[in-house]
Amino acid sequence: MSRRCELTGKGPMTGNNVSHANNKTKRRFLPNLNDVTLQSETLGRGIKMRITAAALRSVDHRGGLDAFLAKAKDGELSQNALKVKKEIAKAQALSV
């Protein structure tokens, strides 16, 4: 399983540990990933995703999963998230 957020596309970054003596060794900064079940009001069910804590706050700020996916760029989303986005768009088109 890759260490990448399904909604924002954030992944590991690299940098250096710097000691007091200014010795530098490589290190990785990993994203704060959480397994969550987000509720979709349009679909009426929960969707399991592995997202960062920052993405979870963004979803909450935008008013839920449906609103977040509507504004999200397709290039940042995972295959699973793209599939859910298309399902939501299809369900909203049928309800109108």
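Arg27 lies over the face of Phe29. The distance to the ring centre is 3.9 Å. This is a predicted model, and every value here is computed from it. What about rings paired with other rings? The count of aromatic pairs comes to zero.

Now step back to the whole chain. It has three helices and four strands. Read along the sequence, the pattern is β-β-β-β-α-α-α.

How does the overall shape compare with a compact globule of 96 residues? Such a globule would have a radius of gyration near 12 Å, but this chain has 17 Å. The box filled by the C-alpha atoms is roughly 65 × 20 × 20 Å along the principal axes. Of the 96 residues, 30% count as buried. Look also at contacts between residues at least 6 apart in sequence. Among these, 41% join residues at least 24 apart.

Next, visit the loop between strand 1 (13-18) and strand 2 (24-29), where Asn22 has its place. Most residues other than glycine have a negative phi. Asn22 is not a glycine, yet its phi is positive, about 65 degrees. Is Asn22 buried, exposed or partly exposed? Its relative accessible area is 49%, so Asn22 is partly exposed. The cut-off for exposed is over 50%.

Turn to the inside. The largest nonpolar core has 19 residues. Those with the most contacts inside it are Leu7, Leu38, Met49, Ile51, Leu69 and Leu77. Which elements give two or more residues to this core? They are strand 3 (33-40), strand 4 (45-52), helix 1 (53-62), helix 2 (65-71) and helix 3 (79-95). Helix 3 gives the most, with four residues.

Take Leu77 as one example from the core. Set aside its neighbours within four places in sequence. Leu77 is then in contact with Glu6, Leu7, Leu69, Ala72, Leu82 and Lys85. Two of the names in that list, Leu7 and Leu69, also stand among the core residues with the most contacts.

Helix 1 shows how a helix can have two sides. Its buried residues are Ala53, Ala55 and Val59. They lie on the same side of helix 1, because they cover an arc of only 160 degrees around the axis. An α-helix has 3.6 residues a turn, so residues three or four places apart point the same way. On the other side of helix 1, Arg57 and His61 are exposed. What do the buried residues of helix 1 pack against? Their partners are strand 3, strand 4 and helix 2. After helix 1 comes Gly63, with a positive phi near 100 degrees.

Leaving aside neighbours within four places in sequence, Leu65 is in contact with Leu38, Gln39, Ser40, Ile47 and Val59. Val59 is one of the buried residues of helix 1. Leu65 and Met49 are 16 residues apart in sequence, and their C-alpha atoms are 11 Å apart in space. Lys71 lies in helix 2 too. Lys71, however, is exposed, with a relative accessible area of 64%. From Lys71 to Ala89 is 18 residues along the chain and 12 Å between C-alpha atoms.

Finish with helix 3, where Val84 is found. Is Val84 buried or exposed? Val84 has a relative accessible area of 4%, so it is buried. Beyond its neighbours within four places in sequence, Val84 is in contact with Ile47 and Leu69. Ile47 is also in contact with Leu65.

Gln92 is partly exposed, with a relative accessible area of 36%. Which residues does Gln92 contact, leaving aside neighbours within four places in sequence? They are Thr42 and Asp66. Gln92 and Asp66 are 26 residues apart along the chain, and their C-alpha atoms are separated by 9.9 Å.

Terms used. Residues numbered from 1 in each chain as written. Predicted model: local features only at pLDDT ≥ 70, side-chain atom pairs only at ≥ 80, totals over all residues. Heavy atoms only, no water. Core = buried A, V, L, I, M, F, W, Y, C linked by side-chain atoms within 4.5 Å. Buried < 20%, exposed > 50% of the residue type's maximum accessible area, 1.4 Å probe, protein only. Contact = heavy atoms within 4.5 Å. Arc of directions from axis to C-beta. Phe/Tyr/Trp six-rings, centres within 6.5 Å; stacked < 30°, edge-to-face > 60°. Lys NZ or Arg CZ within 6 Å of the ring centre and 35° of its normal. Rg over C-alpha atoms; globule rule 2.2 N^0.38 Å.
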